[in-house]
Amino acid sequence: MTTQHTPGPWTVDQCPAATGAITVRPADGTEHGDTDAQPIATVYQEDHARLIAAAPELLAILRCWREWYADHFEDFSSEINSQLLCLDNDSTYAIAKATTA
């Protein structure tokens with residue numbers, strides 16, 4: 001699947017105190033090779049900024065989980081599989097939400 005977003009990792013930067021804004025930028029300081037990286041997001045709560053900055057890694061973990069589960073589906077009892085299937089469905093939804101316009 002082609003990445004439609006700026007590849008991670010992303011980092012949280014505090015803006016000048018006067019604005020109270022917090023930006024999320026590519027951790028390497030670039031955006032698609034551009035040395036003047038524009039912020040990915042500007043928010044006013046640090047918790048939101050940290051969650052946004054974690055998004056690329058969270059998406060990668062969900063994709064990893066789905067691949068692993070597809071390979072090991074038959075290794076579990078039906079009770080455990082039913083719980084894992086719920087996680088798989090939730091991760092499918094979250095990946096779609098993050099990658100579909």
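Predicted model: local features only at pLDDT ≥ 70, side-chain atom pairs only at ≥ 80, totals over all residues.

Biologist: Which residue forms a salt bridge with Asp 88?

Modeller: Asp 88 is found in helix α2 (residues 78-99); helices are DSSP runs of H or I with at least four residues, strands are runs of E with at least two, and both are numbered from the N terminus. Not counting residues up to four places away in sequence, Asp 88 touches Trp 65, Arg 66 and Tyr 69, where contact means heavy atoms within 4.5 Å. A salt bridge is a side-chain nitrogen of Lys or Arg within 4 Å of a carboxyl oxygen of Asp or Glu. With the closest N and O atoms 3.1 Å apart, the partner of Asp 88 is Arg 66.

Biologist: How many residues apart are Asp 88 and Arg 66?

Modeller: The salt bridge joins Asp 88 and Arg 66. This pair links distant parts of the chain, with Asp 88 in helix α2 and Arg 66 in helix α1, and the separation is 22 residues.

Biologist: What is the distance between the closest N and O atoms of Arg 25 and Asp 13?

Modeller: Arg 25 counts as partly exposed at 24% relative accessibility, and Asp 13 counts as partly exposed at 27%. The two form a salt bridge, and the closest N and O atoms are apart by 3.5 Å.

Biologist: Which residues are linked with Glu 46 in a network of salt bridges?

Modeller: In helix α1, Arg 50 and Asp 47 lie three residues apart, about one turn of the helix. Their side chains meet in a salt bridge at 2.6 Å, N to O. Asp 47 counts as exposed at 52% relative accessibility, while Arg 50 is partly exposed at 44%. Linked with Glu 46 in the network are Asp 47 and Arg 50.

Biologist: Is Leu 51 buried or exposed?

Modeller: Leu 51 lies in helix α1 (residues 46-72). Its relative accessible area is 57%, so Leu 51 is exposed.

Notes:
Residues numbered from 1 in each chain as written. Heavy atoms only, no water. Buried < 20%, exposed > 50% of the residue type's maximum accessible area, 1.4 Å probe, protein only.
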